[in-house]
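Biologist: I have not looked at this structure before, and I would like to learn how to read its features one at a time. Could we go through it together, with the general idea ahead of each case?

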Amino acid sequence: MHNVVISGTGLYTPANSISNDELVASFNAYVQQFNAENASAIERGEVDALTESSSAFIEKASGIKSRFVIDKAGILDPARMVPRIPERSNEQWGILCEMAIGAAQDALARAGKTAADIDGVIVACSNLQRAYPAVAIEVQAALGIQGFGYDMNVACSSATFGIQAAVNSVQLGQARAILMVNPEICTGHLNFRDRDSHFIFGDACTAVIIERADQATSAQQFDVLGTKLLTQFSNTIRNNFGFLNRAAEEGIGTRDKLFVQEGRKVFKDVCPMVAELIAAHLQENGLEVAQVKRFWLHQANLNMNLLIARKLLGRDAEPHEAPVILDTYANTSSAGSVIALHKNHEDLPSGSIGVLSSFGAGYSIGSVILRKR
Ligand SMILES: CC(C)(COP(=O)(O)OP(=O)(O)OC[C@H]1O[C@@H](n2cnc3c(N)ncnc32)[C@H](O)[C@@H]1OP(=O)(O)O)[C@@H](O)C(=O)NCCC(=O)NCCS
(Lines give C-alpha, C1' and ligand atoms only; values in the text may rest on other atoms or scores of the structure.)
Protein backbone atom coordinates (compact mmCIF):
# COMPACT_ATOMS: atom_id res chain seq x y z
CA MET A 1 0.00 0.00 0.00
CA HIS A 2 1.33 3.40 -0.97
CA ASN A 3 1.13 6.44 1.29
CA VAL A 4 -1.05 9.13 -0.26
CA VAL A 5 -0.93 12.93 -0.23
CA ILE A 6 -3.00 15.81 -1.48
CA SER A 7 -0.33 17.75 -3.34
CA GLY A 8 -2.35 20.53 -4.94
CA THR A 9 -5.77 22.15 -5.03
CA GLY A 10 -7.28 24.42 -7.66
CA LEU A 11 -10.22 26.79 -7.96
CA TYR A 12 -12.27 28.21 -10.81
CA THR A 13 -14.44 31.16 -9.77
CA PRO A 14 -16.96 32.57 -12.28
CA ALA A 15 -16.44 36.25 -13.21
CA ASN A 16 -19.89 37.46 -12.10
CA SER A 17 -21.10 37.97 -8.56
CA ILE A 18 -24.63 38.73 -7.31
CA SER A 19 -25.11 40.55 -3.99
CA ASN A 20 -28.06 39.83 -1.70
CA ASP A 21 -29.50 43.25 -2.54
CA GLU A 22 -29.40 42.56 -6.27
CA LEU A 23 -30.99 39.13 -5.82
CA VAL A 24 -33.70 40.45 -3.52
CA ALA A 25 -34.51 43.38 -5.86
CA SER A 26 -35.12 40.90 -8.70
CA PHE A 27 -37.18 38.55 -6.47
CA ASN A 28 -39.28 41.41 -5.10
CA ALA A 29 -39.94 42.77 -8.61
CA TYR A 30 -41.24 39.28 -9.52
CA VAL A 31 -43.43 39.19 -6.38
CA GLN A 32 -44.89 42.65 -7.06
CA GLN A 33 -45.67 41.74 -10.65
CA PHE A 34 -47.24 38.40 -9.65
CA ASN A 35 -49.40 40.02 -6.98
CA ALA A 36 -50.50 42.80 -9.38
CA GLU A 37 -51.39 40.33 -12.12
CA ASN A 38 -53.31 38.11 -9.70
CA ALA A 39 -54.87 40.91 -7.63
CA SER A 40 -58.51 39.86 -8.19
CA ALA A 41 -57.85 36.15 -7.53
CA ILE A 42 -55.86 37.09 -4.39
CA GLU A 43 -58.77 39.32 -3.30
CA ARG A 44 -61.21 36.41 -3.78
CA GLY A 45 -58.92 34.12 -1.76
CA GLU A 46 -58.28 31.84 -4.75
CA VAL A 47 -54.56 32.58 -4.99
CA ASP A 48 -52.07 33.23 -2.16
CA ALA A 49 -50.24 36.54 -2.43
CA LEU A 50 -46.47 36.13 -2.55
CA THR A 51 -44.29 37.70 0.17
CA GLU A 52 -41.13 39.71 -0.49
CA SER A 53 -37.63 38.52 0.42
CA SER A 54 -35.09 40.44 2.50
CA SER A 55 -31.29 40.82 2.41
CA ALA A 56 -31.16 41.18 6.19
CA PHE A 57 -32.95 37.82 6.63
CA ILE A 58 -30.64 36.08 4.17
CA GLU A 59 -27.47 37.25 5.87
CA LYS A 60 -28.77 36.50 9.36
CA ALA A 61 -30.21 33.05 8.52
CA SER A 62 -27.33 31.85 6.34
CA GLY A 63 -24.27 34.12 6.57
CA ILE A 64 -24.37 34.54 2.78
CA LYS A 65 -23.65 38.04 1.41
CA SER A 66 -23.09 37.29 -2.29
CA ARG A 67 -22.53 34.43 -4.71
CA PHE A 68 -20.53 33.89 -7.92
CA VAL A 69 -22.58 32.75 -10.92
CA ILE A 70 -21.99 31.60 -14.48
CA ASP A 71 -24.76 33.89 -15.78
CA LYS A 72 -25.97 36.93 -13.89
CA ALA A 73 -28.39 38.55 -16.37
CA GLY A 74 -30.69 35.53 -16.76
CA ILE A 75 -30.97 35.02 -13.00
CA LEU A 76 -31.70 38.67 -12.23
CA ASP A 77 -34.28 39.17 -15.03
CA PRO A 78 -37.61 39.00 -13.11
CA ALA A 79 -39.28 37.64 -16.25
CA ARG A 80 -36.79 34.72 -16.42
CA MET A 81 -35.01 33.99 -13.10
CA VAL A 82 -32.98 31.16 -14.64
CA PRO A 83 -29.34 31.36 -15.76
CA ARG A 84 -28.95 31.57 -19.53
CA ILE A 85 -26.26 29.10 -20.58
CA PRO A 86 -26.48 28.51 -24.35
CA GLU A 87 -26.17 25.01 -25.75
CA ARG A 88 -22.87 24.17 -27.38
CA SER A 89 -22.12 21.89 -30.28
CA ASN A 90 -20.74 18.42 -29.56
CA GLU A 91 -17.44 19.62 -31.01
CA GLN A 92 -17.00 22.23 -28.23
CA TRP A 93 -15.99 21.43 -24.64
CA GLY A 94 -19.06 21.62 -22.39
CA ILE A 95 -19.42 24.26 -19.68
CA LEU A 96 -18.71 21.78 -16.82
CA CYS A 97 -15.61 20.60 -18.68
CA GLU A 98 -14.51 24.22 -19.20
CA MET A 99 -14.81 24.99 -15.47
CA ALA A 100 -13.02 21.74 -14.65
CA ILE A 101 -10.12 22.66 -16.96
CA GLY A 102 -9.70 25.99 -15.16
CA ALA A 103 -9.62 24.42 -11.68
CA ALA A 104 -7.51 21.46 -12.85
CA GLN A 105 -4.82 23.63 -14.43
CA ASP A 106 -4.54 25.59 -11.18
CA ALA A 107 -4.25 22.35 -9.14
CA LEU A 108 -1.74 20.76 -11.54
CA ALA A 109 0.47 23.87 -11.43
CA ARG A 110 0.42 23.94 -7.62
CA ALA A 111 1.18 20.20 -7.47
CA GLY A 112 4.02 20.66 -9.97
CA LYS A 113 2.50 18.02 -12.25
CA THR A 114 1.51 17.77 -15.91
CA ALA A 115 -1.16 15.68 -17.64
CA ALA A 116 1.48 12.96 -18.20
CA ASP A 117 1.72 12.41 -14.41
CA ILE A 118 -2.03 11.76 -13.96
CA ASP A 119 -3.57 8.31 -14.46
CA GLY A 120 -7.23 8.99 -13.73
CA VAL A 121 -9.89 11.72 -13.58
CA ILE A 122 -12.88 11.70 -11.25
CA VAL A 123 -15.61 14.31 -11.78
CA ALA A 124 -17.56 14.38 -8.54
CA CYS A 125 -20.47 16.84 -8.33
CA SER A 126 -24.17 17.30 -7.62
CA ASN A 127 -25.44 17.93 -11.15
CA LEU A 128 -24.10 16.38 -14.32
CA GLN A 129 -24.83 18.07 -17.59
CA ARG A 130 -25.89 15.03 -19.57
CA ALA A 131 -26.40 11.29 -19.25
CA TYR A 132 -23.27 10.31 -21.17
CA PRO A 133 -20.47 10.27 -22.13
CA ALA A 134 -19.05 10.93 -18.67
CA VAL A 135 -17.83 14.51 -18.16
CA ALA A 136 -14.64 13.04 -16.62
CA ILE A 137 -13.74 11.45 -19.96
CA GLU A 138 -14.27 14.81 -21.68
CA VAL A 139 -12.00 16.50 -19.09
CA GLN A 140 -9.44 13.74 -19.65
CA ALA A 141 -9.47 14.45 -23.40
CA ALA A 142 -9.35 18.22 -22.94
CA LEU A 143 -6.27 17.97 -20.71
CA GLY A 144 -4.58 15.12 -22.62
CA ILE A 145 -4.63 12.67 -19.69
CA GLN A 146 -4.15 8.94 -20.37
CA GLY A 147 -5.82 6.24 -18.26
CA PHE A 148 -9.42 6.33 -17.03
CA GLY A 149 -12.16 8.74 -16.01
CA TYR A 150 -15.57 8.44 -14.38
CA ASP A 151 -18.31 10.62 -12.90
CA MET A 152 -19.88 10.27 -9.50
CA ASN A 153 -22.61 12.10 -7.63
CA VAL A 154 -23.07 12.18 -3.87
CA ALA A 155 -24.57 15.70 -3.85
CA CYS A 156 -22.76 18.10 -1.49
CA SER A 157 -20.50 15.27 -0.30
CA SER A 158 -19.23 14.42 -3.77
CA ALA A 159 -15.73 15.82 -3.14
CA THR A 160 -14.95 13.87 0.03
CA PHE A 161 -16.36 10.70 -1.53
CA GLY A 162 -14.29 11.44 -4.64
CA ILE A 163 -11.17 11.91 -2.50
CA GLN A 164 -11.76 8.53 -0.85
CA ALA A 165 -12.14 6.85 -4.26
CA ALA A 166 -8.94 8.54 -5.48
CA VAL A 167 -7.01 7.66 -2.31
CA ASN A 168 -8.04 4.00 -2.68
CA SER A 169 -6.81 3.90 -6.30
CA VAL A 170 -3.46 5.46 -5.44
CA GLN A 171 -2.95 3.32 -2.31
CA LEU A 172 -3.58 0.16 -4.31
CA GLY A 173 -1.22 1.15 -7.12
CA GLN A 174 -4.00 1.47 -9.71
CA ALA A 175 -2.91 5.05 -10.39
CA ARG A 176 0.14 7.19 -9.57
CA ALA A 177 -2.01 10.29 -9.30
CA ILE A 178 -5.69 11.19 -9.70
CA LEU A 179 -7.27 14.51 -10.63
CA MET A 180 -10.56 14.88 -8.73
CA VAL A 181 -12.73 17.83 -9.91
CA ASN A 182 -16.00 19.34 -8.68
CA PRO A 183 -17.69 21.52 -11.29
CA GLU A 184 -20.83 22.90 -9.64
CA ILE A 185 -23.38 25.06 -11.48
CA CYS A 186 -25.79 25.06 -8.56
CA THR A 187 -27.77 27.98 -9.99
CA GLY A 188 -28.97 25.58 -12.71
CA HIS A 189 -31.08 23.61 -10.21
CA LEU A 190 -32.08 26.49 -7.93
CA ASN A 191 -35.67 27.79 -8.03
CA PHE A 192 -35.06 31.55 -7.96
CA ARG A 193 -38.82 32.07 -7.46
CA ASP A 194 -38.76 30.22 -4.10
CA ARG A 195 -38.40 32.72 -1.24
CA ASP A 196 -37.17 30.03 1.18
CA SER A 197 -34.19 29.01 -0.92
CA HIS A 198 -33.54 31.51 -3.75
CA PHE A 199 -30.42 32.83 -2.00
CA ILE A 200 -28.75 29.54 -1.12
CA PHE A 201 -26.48 28.56 -4.00
CA GLY A 202 -23.62 29.83 -6.15
CA ASP A 203 -21.37 28.36 -8.86
CA ALA A 204 -17.68 27.33 -8.71
CA CYS A 205 -15.34 24.46 -9.49
CA THR A 206 -12.56 22.94 -7.39
CA ALA A 207 -9.85 20.41 -8.21
CA VAL A 208 -7.63 18.22 -6.03
CA ILE A 209 -4.51 16.26 -7.00
CA ILE A 210 -4.21 13.04 -4.98
CA GLU A 211 -0.93 11.20 -5.52
CA ARG A 212 1.67 8.81 -4.15
CA ALA A 213 3.61 10.46 -1.32
CA ASP A 214 6.95 9.20 -2.67
CA GLN A 215 6.37 10.99 -5.98
CA ALA A 216 5.03 14.29 -4.63
CA THR A 217 7.23 17.36 -5.03
CA SER A 218 4.97 20.37 -4.32
CA ALA A 219 5.60 22.96 -1.63
CA GLN A 220 2.22 22.40 0.05
CA GLN A 221 1.38 18.77 0.77
CA PHE A 222 -0.98 16.99 3.13
CA ASP A 223 -0.73 13.34 4.17
CA VAL A 224 -4.16 11.74 3.96
CA LEU A 225 -4.36 10.00 7.36
CA GLY A 226 -7.84 8.60 6.79
CA THR A 227 -11.25 8.99 5.20
CA LYS A 228 -14.63 8.13 6.70
CA LEU A 229 -17.98 8.27 4.91
CA LEU A 230 -21.57 7.90 6.10
CA THR A 231 -24.91 7.90 4.27
CA GLN A 232 -28.42 7.76 5.71
CA PHE A 233 -31.51 8.07 3.51
CA SER A 234 -33.58 11.24 3.84
CA ASN A 235 -36.10 13.09 1.67
CA THR A 236 -35.49 16.47 3.29
CA ILE A 237 -33.17 17.57 0.46
CA ARG A 238 -34.32 16.27 -2.89
CA ASN A 239 -34.45 16.93 -6.64
CA ASN A 240 -36.60 14.61 -8.75
CA PHE A 241 -35.24 15.74 -12.12
CA GLY A 242 -34.15 12.77 -14.17
CA PHE A 243 -34.32 10.73 -17.32
CA LEU A 244 -37.69 9.16 -16.48
CA ASN A 245 -39.47 12.55 -16.25
CA ARG A 246 -40.50 12.25 -19.90
CA ALA A 247 -42.32 9.02 -19.06
CA ALA A 248 -44.62 10.87 -16.63
CA GLU A 249 -45.86 13.96 -18.46
CA GLU A 250 -47.94 15.07 -15.44
CA GLY A 251 -44.74 15.85 -13.51
CA ILE A 252 -42.80 17.80 -16.12
CA GLY A 253 -41.85 21.26 -14.87
CA THR A 254 -43.25 20.83 -11.34
CA ARG A 255 -41.41 22.28 -8.33
CA ASP A 256 -39.86 19.00 -7.27
CA LYS A 257 -37.82 18.87 -10.50
CA LEU A 258 -35.56 21.51 -8.95
CA PHE A 259 -33.81 21.64 -5.54
CA VAL A 260 -36.28 21.46 -2.63
CA GLN A 261 -35.47 21.16 1.06
CA GLU A 262 -36.85 21.39 4.58
CA GLY A 263 -34.07 23.70 5.73
CA ARG A 264 -34.81 23.63 9.45
CA LYS A 265 -35.02 19.83 9.58
CA VAL A 266 -31.79 19.52 7.60
CA PHE A 267 -30.10 21.83 10.08
CA LYS A 268 -31.32 19.82 13.09
CA ASP A 269 -30.61 16.38 11.61
CA VAL A 270 -27.23 17.02 10.06
CA CYS A 271 -25.27 19.06 12.64
CA PRO A 272 -25.13 16.30 15.30
CA MET A 273 -24.41 13.63 12.67
CA VAL A 274 -21.42 15.59 11.33
CA ALA A 275 -19.96 16.34 14.77
CA GLU A 276 -20.32 12.67 15.79
CA LEU A 277 -18.74 11.37 12.59
CA ILE A 278 -15.72 13.69 12.82
CA ALA A 279 -15.21 12.93 16.53
CA ALA A 280 -15.40 9.16 15.89
CA HIS A 281 -13.06 9.44 12.92
CA LEU A 282 -10.46 11.35 14.94
CA GLN A 283 -10.70 8.82 17.77
CA GLU A 284 -10.23 5.90 15.35
CA ASN A 285 -7.02 7.59 14.21
CA GLY A 286 -5.76 8.11 17.76
CA LEU A 287 -6.32 11.87 17.61
CA GLU A 288 -7.99 14.31 20.00
CA VAL A 289 -10.28 17.07 18.71
CA ALA A 290 -7.98 19.55 20.49
CA GLN A 291 -5.13 18.50 18.18
CA VAL A 292 -7.03 19.69 15.09
CA LYS A 293 -5.75 23.06 13.93
CA ARG A 294 -8.33 23.60 11.19
CA PHE A 295 -11.76 22.37 10.12
CA TRP A 296 -12.53 22.95 6.44
CA LEU A 297 -16.29 22.40 6.68
CA HIS A 298 -18.94 22.22 3.97
CA GLN A 299 -20.11 25.74 3.25
CA ALA A 300 -23.94 25.78 3.34
CA ASN A 301 -24.86 27.85 6.36
CA LEU A 302 -22.68 29.81 8.77
CA ASN A 303 -24.82 28.93 11.78
CA MET A 304 -24.50 25.20 10.98
CA ASN A 305 -20.71 25.48 10.85
CA LEU A 306 -20.56 27.46 14.10
CA LEU A 307 -22.73 24.84 15.80
CA ILE A 308 -20.74 21.85 14.47
CA ALA A 309 -17.44 23.46 15.56
CA ARG A 310 -18.93 24.25 18.99
CA LYS A 311 -20.15 20.65 19.41
CA LEU A 312 -16.68 19.36 18.56
CA LEU A 313 -14.54 21.83 20.49
CA GLY A 314 -16.85 22.44 23.44
CA ARG A 315 -16.41 26.20 22.80
CA ASP A 316 -16.81 28.68 19.95
CA ALA A 317 -14.25 28.21 17.18
CA GLU A 318 -11.84 31.03 16.38
CA PRO A 319 -12.34 32.23 12.78
CA HIS A 320 -9.03 30.66 11.69
CA GLU A 321 -10.08 27.26 13.10
CA ALA A 322 -13.14 26.92 10.84
CA PRO A 323 -12.66 29.32 7.92
CA VAL A 324 -15.72 30.70 6.13
CA ILE A 325 -16.00 31.23 2.38
CA LEU A 326 -19.78 30.98 2.05
CA ASP A 327 -20.11 34.70 2.72
CA THR A 328 -18.89 35.43 -0.83
CA TYR A 329 -19.48 32.04 -2.56
CA ALA A 330 -22.77 30.89 -0.93
CA ASN A 331 -23.31 27.12 -1.03
CA THR A 332 -21.32 25.69 -3.94
CA SER A 333 -22.25 22.12 -3.01
CA SER A 334 -19.28 19.75 -3.18
CA ALA A 335 -16.83 22.55 -4.02
CA GLY A 336 -17.42 24.45 -0.75
CA SER A 337 -15.18 22.63 1.71
CA VAL A 338 -12.44 22.36 -0.93
CA ILE A 339 -12.58 26.13 -1.53
CA ALA A 340 -12.16 26.59 2.24
CA LEU A 341 -9.09 24.29 2.11
CA HIS A 342 -7.71 25.92 -1.05
CA LYS A 343 -7.85 29.42 0.42
CA ASN A 344 -6.79 28.54 3.97
CA HIS A 345 -3.85 26.14 4.24
CA GLU A 346 -0.55 27.83 3.42
CA ASP A 347 -0.13 29.34 6.90
CA LEU A 348 -0.35 25.97 8.70
CA PRO A 349 3.00 24.76 10.09
CA SER A 350 4.32 21.29 9.26
CA GLY A 351 2.65 18.56 11.33
CA SER A 352 -0.66 20.44 11.67
CA ILE A 353 -3.78 18.28 11.64
CA GLY A 354 -6.84 19.42 9.69
CA VAL A 355 -10.21 17.89 8.85
CA LEU A 356 -12.02 18.38 5.54
CA SER A 357 -15.70 17.59 5.96
CA SER A 358 -18.76 17.67 3.72
CA PHE A 359 -22.45 17.10 4.39
CA GLY A 360 -25.61 17.28 2.36
CA ALA A 361 -28.33 15.45 0.49
CA GLY A 362 -28.59 11.73 0.99
CA TYR A 363 -27.89 12.42 3.82
CA SER A 364 -24.23 12.04 2.97
CA ILE A 365 -21.30 12.98 5.21
CA GLY A 366 -17.57 12.72 4.61
CA SER A 367 -14.50 13.32 6.78
CA VAL A 368 -10.90 13.43 5.51
CA ILE A 369 -8.12 13.79 8.10
CA LEU A 370 -5.05 15.60 6.75
CA ARG A 371 -1.58 16.31 8.19
CA LYS A 372 0.56 19.07 6.75
CA ARG A 373 3.94 17.74 5.59
C1 LIG B 1 -32.49 27.61 4.61
C2 LIG B 1 -32.19 28.30 5.94
C3 LIG B 1 -31.13 29.37 5.76
C4 LIG B 1 -33.47 28.97 6.40
O5 LIG B 1 -33.30 29.53 7.69
P6 LIG B 1 -34.38 29.26 8.83
O7 LIG B 1 -33.97 30.09 9.98
O8 LIG B 1 -34.50 27.80 9.02
O9 LIG B 1 -35.66 29.89 8.18
P10 LIG B 1 -37.17 29.34 8.14
O11 LIG B 1 -37.38 28.68 6.80
O12 LIG B 1 -37.51 28.53 9.34
O13 LIG B 1 -37.95 30.69 8.16
C14 LIG B 1 -37.90 31.56 9.29
C15 LIG B 1 -38.72 32.80 9.00
O16 LIG B 1 -38.08 33.54 7.94
C17 LIG B 1 -39.01 33.77 6.86
N18 LIG B 1 -38.28 33.74 5.60
C19 LIG B 1 -37.95 32.65 4.85
N20 LIG B 1 -37.32 33.03 3.74
C21 LIG B 1 -37.23 34.37 3.78
C22 LIG B 1 -36.67 35.34 2.92
N23 LIG B 1 -36.04 35.00 1.79
N24 LIG B 1 -36.73 36.64 3.26
C25 LIG B 1 -37.35 37.01 4.41
N26 LIG B 1 -37.90 36.13 5.28
C27 LIG B 1 -37.84 34.83 4.96
C28 LIG B 1 -40.01 32.66 6.99
O29 LIG B 1 -41.23 33.04 6.38
C30 LIG B 1 -40.14 32.48 8.48
O31 LIG B 1 -40.99 33.50 8.99
P32 LIG B 1 -41.97 33.19 10.23
O33 LIG B 1 -41.04 32.88 11.37
O34 LIG B 1 -42.71 34.46 10.36
O35 LIG B 1 -42.79 32.01 9.80
C36 LIG B 1 -31.70 27.29 6.99
O37 LIG B 1 -32.77 26.47 7.41
C38 LIG B 1 -30.60 26.39 6.49
O39 LIG B 1 -29.59 26.84 5.97
N40 LIG B 1 -30.72 25.09 6.72
C41 LIG B 1 -29.73 24.13 6.32
C42 LIG B 1 -29.83 23.98 4.85
C43 LIG B 1 -28.72 23.21 4.26
O44 LIG B 1 -27.60 23.23 4.67
N45 LIG B 1 -29.04 22.51 3.21
C46 LIG B 1 -28.08 21.77 2.52
C47 LIG B 1 -28.26 22.09 1.10
S48 LIG B 1 -27.27 21.06 0.20
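This is a predicted model: local features need pLDDT of at least 70, side-chain atom pairs count only at pLDDT 80 or more; totals for chains, interfaces and linings use all residues.

Biologist: What kind of peptide bond joins Tyr 132 and Pro 133?

Modeller: The general idea is that most peptide bonds are trans. Here the bond joining Tyr 132 and Pro 133 is cis, with omega at about 0°. A cis peptide bond also joins Gly 362 and Tyr 363, where omega is about -5°, and Tyr 363 has its place in the loop between strand E12 (353–360) and strand E13 (364–372).

Biologist: Where is Ala 155 found, and what is its phi?

Modeller: As a general rule, most residues other than glycine have a negative phi. Ala 155 is not a glycine, and yet its phi is positive, at about 50°; this residue belongs to the loop between strand E5 (148–152) and helix H7 (158–171).

Biologist: Turning to pairs of helices, at what angle do the axes of helix H5 and helix H6 cross?

Modeller: The idea is to read the angle and the distance between the axes together, and then to ask which residues meet. Helix H5 (residues 95–111) and helix H6 (residues 135–143) have axes that cross at roughly 55° and come within 9 Å, and the two helices are therefore oblique to each other. Their crossing is right-handed. On the H5 side the contact involves Leu 96, Cys 97, Ala 100, Ile 101, Ala 104 and Gln 105, which meet Val 135, Glu 138, Val 139, Ala 142 and Leu 143 in H6. Sorted by class, the contact of H5 with H6 has nine nonpolar residues, one polar and one charged.

Biologist: How far apart are the axes of helix H8 and helix H9, and at what angle do these helices pack?

Modeller: The axes of helix H8 (residues 263–284) and helix H9 (residues 302–313) are 9 Å apart, and the helices pack at an angle of about 40°, which makes H8 oblique to H9. The crossing of this pair is right-handed. Among the residues making the contact are Val 266, Phe 267 and Val 270 of H8, together with Met 304, Leu 307 and Lys 311 of H9. By class, the contact of H8 with H9 comprises 13 nonpolar, one polar and one charged residues.

Biologist: Finally, how many residues surround the ligand, and which are the closest?

Modeller: One can read such a site by listing the surrounding residues and then looking at single atom pairs. The ligand is surrounded by 17 residues, of which the closest are Ser 53, Arg 195, Gln 261, Arg 264 and Asn 301. In the side chain of Asn 301, an N or O atom is 2.7 Å from an oxygen atom of the ligand. Gln 261 has a polar side-chain atom 2.8 Å from a nitrogen atom of the ligand, while a polar backbone atom of Ser 54 is 3.2 Å from a nitrogen atom of the ligand.

Technical notes. Residues are numbered from 1 along each chain as its sequence is written. Side-chain values use heavy atoms; hydrogens and water are left out. Axes are lines fitted to C-alpha atoms, for helices over the stretch in contact, and angles run from 0 to 180 degrees between N-to-C directions. Helices (H or I, at least four residues) and strands (E, at least two) are DSSP runs, numbered from the N terminus. Angles under 35 degrees count as roughly parallel, over 145 as roughly antiparallel, 65 to 115 as roughly perpendicular and the rest as oblique. A crossing is left-handed if the near helix is turned anticlockwise from the far one by less than a right angle, and right-handed if clockwise. Contact means heavy atoms within 4.5 Å. Ala, Val, Leu, Ile, Met, Phe, Trp, Tyr, Cys and Pro count as nonpolar, Asp, Glu, Lys and Arg as charged, and the others, Gly among them, as polar. A residue is near a molecule or strand if one of its heavy atoms lies within 4 Å of it. A polar contact is a pair of N or O atoms within 3.5 Å; within protein, one must be able to donate a hydrogen and the other to accept it, and residues adjacent in sequence count only if both atoms are side-chain atoms.
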